[in-house]
Amino acid sequence: MASKDQLILGYWDIRGFAEPSRLLLHYTKTSFNNKLYHFGDAPDYKREEWLKEKNSLGLDFPNLPYLIDGDLKLSQARTILTHLGRKFKLMGSNERETSLIELLIDQSNDLRQELNNVCYRAINFEAVSKKFCDETLPIHLKLFEDFLNHHGKKWLIGDQLTAADFQVFEYLDHCWLLSTDNWAAYPKILAYMKAFRELPELKKYLESEHAKRPINGKMAKFGGTVVQHEEAANTAEDAKPTAT
């Protein structure tokens with residue numbers, strides 16, 4: 001049973017917009033109650049687990065994800081991540097670094113929102129996802145590659161991880177799962193993601209619970225089940241992500 005002082009992070013049983021904060025908490029070895037809510041089955045995908053608790057938690061703006069940290073109760077994914085970043089001293093060592101961290105969090109959120117539009121809202125998923133991978137994603141990847149070239153050291157800002165690293169890695173990984181390219185044009189990004197996956201504080205989690213959780217809700221056209229990346233060298237048919 002969780003203690004009254006234990007953090008509670010509530011979200012759907014997916015990676016989605018809460019996983020950057022989960023990664024940060026695992027990295028800092030912070031004990032927390034990972035409160036998971038489940039969608040119902042098709043065709044309604046009912047949200048009763050969440051709805052029956054939504055207005056009883058004392059949240060000023062009831063929504064998922066939410067964080068309960070003592071008497072502080074927050075919603076909104078980016079607010080939660082930056083709160084945890086400040087709590088665990090992962091928001092940079094000066095005002096310039098903090099501003100760059102906030103920039104990276106907002107920029108990566110823009111990318112994830114565009115991916116959301118593909119995964120949840122596309123009428124013709126095959127055409128829309130192809131356009132995203134061929135046209136939209138390369139623009140974002142080039143921007144992150146350039147940022148790493150201009151500012152990056154070991155991590156995005158310097159030799160220490162910041163709150164931004166957990167979100168940028170996670171949202172790039174969501175796009176990697178959809179993409180059918182090997183990203184050879186972005187060596188800095190590939191090296192960065194490889195180094196992140198090898199972090200001793202996170203390696204076990206990334207290979208277990210994290211890897212077994214879908215990136216999207218089960219109603220999504222992509223990512224509602226666990227998927228694996230397939231590179232472009234495969235045939236068009238084989239290049240489709242494989243459910244596991």
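**Exercise 1.** How many bridges join β1 to strand β3 (residues 66-69), and do the two run parallel or antiparallel?

*Solution.* Keep in mind that you're looking at a predicted model.
- Step 1: Count the bridges between β1 and β3: there are three.
- Step 2: Check the direction: these strands run antiparallel.
- Step 3: Pick out a partner: Leu9 is bridged to Leu67 in β3.

**Exercise 2.** Work out how β1 connects to strand β2 (residues 32-37).

*Solution.* 
- Step 1: Six bridges join β1 and β2, and this time the strands run parallel.
- Step 2: For an example, take Gly10, whose bridge partner in β2 is Lys35.
- Step 3: Look at how covered β1 (residues 7-12) is: five of its six residues are buried.

**Exercise 3.** Classify the ring pair of Phe17 and Tyr171: stacked, tilted or edge-to-face?

*Solution.* 
- Step 1: By the pairing rule, the model has 12 aromatic pairs.
- Step 2: In this one, the ring centres are 6.1 Å apart and the planes meet at 90°, so call it edge-to-face.
- Step 3: Tyr171 has 1% relative accessibility, so it counts as buried.
- Step 4: Now see what else is at Phe17: Arg112 lies over the face of its ring, 5.4 Å from the ring centre.

Key:
Residues are numbered from 1 along each chain as its sequence is written. This is a predicted model: local features need pLDDT of at least 70, side-chain atom pairs count only at pLDDT 80 or more; totals for chains, interfaces and linings use all residues. Side-chain values use heavy atoms; hydrogens and water are left out. Buried means under 20% relative accessible area, exposed over 50%, partly exposed in between (1.4 Å probe, protein chains only). Helices (H or I, at least four residues) and strands (E, at least two) are DSSP runs, numbered from the N terminus. Two strands pair if DSSP finds at least two bridges between them. Rings of Phe, Tyr and Trp (its six-membered ring) pair if their centres lie within 6.5 Å; planes under 30 degrees apart count as stacked, over 60 as edge-to-face and the rest as tilted. A charge sits over a ring if NZ of Lys or CZ of Arg is within 6 Å of the ring centre and within 35 degrees of the ring normal.
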